[in-house]
Amino acid sequence: MAEGSAKRRKVGGSALTTTHFVLLFSAMLVAAAGNTALQSVMPAIGRAIGVADFWVAIAYTWSAVLWVWLAPLWAERSDTHGRKALTLLGLGGFIVSMTLCGFALIAGLKGWIGPLLTFVLFGLFRAIYGALGCATPSATQAYLASRTRRSARTSQLSALSSSFGLGTIVGPALAPLFVLPFIGLPGPLFAFALIALGVFVAIQIGLPDDRGRLGRGRGAAMSYPSLASMITGASVRAATAPTRQKRLSWRDPRIRDWIVAGIVAGHAQAATLTCLGFFIIDTLKLAPLGAEQPIAIVMMAGAGGTLAAQWGLIPKLNLSPRALIVWGSLIAAVGLGITAVANDLYGLVLGFGLASIGFGFTRPGFTAGASLAVPLAEQGGVAGVITSANGISYVAAPGLGMALYAADPHLPFGIAVAVVLGLAWWGRRLA
């Protein structure tokens with residue numbers, strides 16, 4: 001009786017039951033967790049297969065580029081298509097992509113195919129996730145919003161979006177547990193594909209079909225799920241705007257400087273994050289098999305630092321957007337400097353955790369600054385620009401970071417320190 005009552009209990013201000021909300025939350029959580037789990041094992045896999053570090057980074061950031069390009073299109077589709085169907089489409093893309101990528105990596109690790117073919121196939125299979133996986137966030141948002149009163153939409157959508165932040169900790173934390181005999185380092189890909197399959201079946205059975213009765217709610221594009229793309233609230237503002245609005249130009253003088261600040265900080269973070277796993281292996285002189293555990297520990301420290309900044313420190317400190325940019329850049333510079341000179345796991349954890357706290361300040365800083373620069377009627381438009389700025393870092397920064405890493409492993413971190421220090425100095429002029 002108590003269990004049945006819990007299943008029928010409504011989410012505050014919504015027609016959805018708690019069970020329905022958990023299903024939507026799980027759809028977003030599993031994708032974010034699986035993606036960051038993949039980030040934590042790919043450096044070790046690349047080293048074990050014997051492909052150049054640069055091509056490893058390019059292969060698994062390609063899906064991020066597709067996500068940035070196609071996420072707005074799926075968000076628009078969520079206005080007119082069944083949201084449950086789009087949620088399942090995104091989950092299905094994740095399941096197929098992770099499974100095929102896992103098989104390709106096993107074939108490479110076992111020597112059944114060469115390193116080049118392995119990562120060509122991996123890049124192609126990752127494209128499935130980049131192209132289809134971005135349908136899930138906007139569809140789940142639209143499903144929730146269409147069944148929630150306008151007064152409660154912001155709080156409920158924020159709770160739903162927090163699944164991405166939680167996934168950045170869950171993914172690296174669980175990844176080492178799934179490195180199993182015979183399967184080895186690709187084990188987490190199969191494990192999260194199986195978990196996602198369970199979520200897929202649960203949604204298919206337990207979430208009411210909404211075709212033919214879509215309601216007024218809408219979804220919005222979200223940034224690619226990664227340690228370097230934490231939630232900022234932009235997608236929630238876009239989803240709760242009275243009407244779907246065209247994105248503003250980033251050259252709009254009201255928001256231009258804030259967007260530039262976000263892109264600069266995002267490039268510094270994305271470039272160093274891409275190099276991080278390789279840097280941990282080289283600094284600690286690790287064999288590929290077994291390297292996933294220290295990498296996971298450092299990434300968990302980074303995710304925890306970002307969440308501590310955004311969920312704990314920022315609400316307490318009540319800093320202005322300009323102060324968030326300036327202080328966040330300074331903290332990130334210190335953290336990246338410590339990371340660059342670290343020679344043990346403690347130093348890497350301390351440095352990357354501190355750097356992530358700094359970047360956890362800068363991202364909400366530029367988001368809030370751009371949002372405050374325009375009137376309420378344009379919040380949906382500026383949110384689209386912010387989401388694009390969050391994702392554009394994945395277009396060039398990963399490849400650039402790995403090119404610098406090939407020249408000297410400390411170079412990406414050193415240049416990133418200079419970049420964020422320059423941002424701190426320049427950020428003083430932000431209004």
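The model is predicted: local features need pLDDT of at least 70 and side-chain atom pairs count only at pLDDT 80 or more, whereas totals for chains, interfaces and linings use all residues. Residues are numbered from 1 along each chain as its sequence is written, and side-chain values use heavy atoms, with hydrogens and water left out.

The protein chain has 15 helices and 0 strands; both are DSSP runs numbered from the N terminus, helices being H or I of at least four residues and strands E of at least two. Of its 431 residues, 58% are buried, where buried means under 20% relative accessible area, exposed over 50% and partly exposed in between, with a 1.4 Å probe and protein chains only.

The largest nonpolar core has 105 residues, among which Met42, Phe94, Phe119 and Phe122 touch the most other members. Such a core is a set of buried Ala, Val, Leu, Ile, Met, Phe, Trp, Tyr and Cys residues joined through side-chain atoms within 4.5 Å. Helix H2 (residues 18–49) supplies the largest share of this core, 18 residues. Leaving aside residues up to four places away in sequence, Phe94 touches Val30, Ala31, Gly34, Tyr129, Phe192, Ala193 and Ala196.

Helices H4 (residues 83–109) and H5 (residues 115–133) pack at an angle of about 170 degrees, their axes 8 Å apart. Axes are lines fitted to C-alpha atoms, for helices over the stretch in contact, and angles run from 0 to 180 degrees between N-to-C directions. H4 is therefore roughly antiparallel to H5, a term for angles over 145 degrees. The contact includes Phe94 of H4 and Phe119, Phe122 and Tyr129 of H5. Its residues divide into 15 nonpolar, 6 polar and 1 charged; Ala, Val, Leu, Ile, Met, Phe, Trp, Tyr, Cys and Pro count as nonpolar, Asp, Glu, Lys and Arg as charged, and the others, Gly among them, as polar.

Helices H12 (residues 321–341) and H15 (residues 411–426) pack at about 165 degrees, with axes 8 Å apart, so H12 is roughly antiparallel to H15. Residues that meet include Ile325 and Leu336 in H12 and Phe413 and Val420 in H15. The residues of this contact divide into 14 nonpolar, 3 polar and no charged.

Asp344 lies in the loop between H12 and helix H13 (345–372). Asp344 counts as partly exposed because its relative accessibility is 35%. Asp344 and Thr283 are 61 residues apart in sequence and 7.3 Å apart in space, C-alpha to C-alpha.

How values were computed. Parallel < 35°, antiparallel > 145°, perpendicular 65-115°, else oblique. Contact = heavy atoms within 4.5 Å.
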